[in-house]
Amino acid sequence: PNPGTEVMNIVLPFALNSSNDITVYDLNGKRVSTKISGSESNFQLNVSDLNAGVYFVTIESTEGKSTKKFVKE
């Protein structure tokens with residue numbers, strides 16, 4: 001769900017491998033510490049430790065790079 005409070009689910013149309021990356025940034029472009037779990041194309045991003053605000057999640061893979069905005073309540 002967006003906005004999220006505890007966990008954000010990420011479902012990709014392709015599988016990620018070990019050379020791919022999921023990164024979360026704050027509005028200032030600073031990489032923030034989060035816990036990502038999952039495998040292949042289904043991931044859960046634990047956002048419970050983030051302050052309320054707007055963040056960006058960037059997914060880099062062999063398929064390309066995509067950035068999406070999410071709101072933490």
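**Terms and their grounds**

Modeller: This is a predicted model. Asp 21 stands opposite Glu 60 in β5.

Colleague: How do you know that β2 pairs with β5?

Modeller: Two strands pair if at least two bridges are found between them. Here 6 bridges join β2 to β5, residues 53–61, so the two strands count as paired. They run antiparallel.

Colleague: What is the order of the strands in the open sheet, and which strands are its edges?

Modeller: The sheet has 3 strands in the order β2-β5-β6, and the pairing is antiparallel. Its edge strands are β2 (21–26) and β6 (64–72). Each of these is called an edge strand as it pairs on one side only. Neighbouring strands in this sheet are turned against each other by 20° on average, with direction ignored.

Colleague: Why is the pair of Tyr 55 and Phe 70 called stacked?

Modeller: Ring centres must lie within 6.5 Å to form a pair, and planes under 30 degrees apart count as stacked. The structure holds 1 aromatic pair.

Colleague: What makes this a link between distant parts of the chain?

Modeller: Tyr 55 is in strand β5 and Phe 70 is in strand β6, 15 residues apart. Both Tyr 55 and Phe 70 are buried.

Colleague: Which residues have the most contacts inside the largest nonpolar core?

Modeller: That core has 15 residues, and those with the most contacts inside it are Ile 10, Ile 22, Val 24, Leu 45 and Phe 70. The elements giving two or more residues to it are β1 (7–11), β2, β4 (42–46) and β5. The largest share, 3 residues, comes from β5. In soluble globular proteins, nonpolar side chains tend to be buried together.

Colleague: With which residues is Ile 22 in contact, leaving aside its neighbours within four places in sequence?

Modeller: Ile 22 is in contact with Ile 10, Leu 16, Ile 36, Phe 43, Val 57, Thr 58 and Ile 59.

Colleague: Is Pro 13 buried or exposed, and how do you know?

Modeller: A residue is exposed if its relative accessible area is over 50%. Pro 13 has 79%, and therefore it is called exposed. Its place is in the loop between β1 and β2. Pro 13 and Ser 41 are 28 residues apart in sequence, and their C-alpha atoms are 6.8 Å apart in space.

Terms used:
Residues are numbered from 1 along each chain as its sequence is written. This is a predicted model: local features need pLDDT of at least 70, side-chain atom pairs count only at pLDDT 80 or more; totals for chains, interfaces and linings use all residues. Side-chain values use heavy atoms; hydrogens and water are left out. Helices (H or I, at least four residues) and strands (E, at least two) are DSSP runs, numbered from the N terminus. Axes are lines fitted to C-alpha atoms, for helices over the stretch in contact, and angles run from 0 to 180 degrees between N-to-C directions. A nonpolar core is a set of buried Ala, Val, Leu, Ile, Met, Phe, Trp, Tyr and Cys residues joined through side-chain atoms within 4.5 Å. Buried means under 20% relative accessible area, exposed over 50%, partly exposed in between (1.4 Å probe, protein chains only). Contact means heavy atoms within 4.5 Å. Rings of Phe, Tyr and Trp (its six-membered ring) pair if their centres lie within 6.5 Å; planes under 30 degrees apart count as stacked, over 60 as edge-to-face and the rest as tilted.
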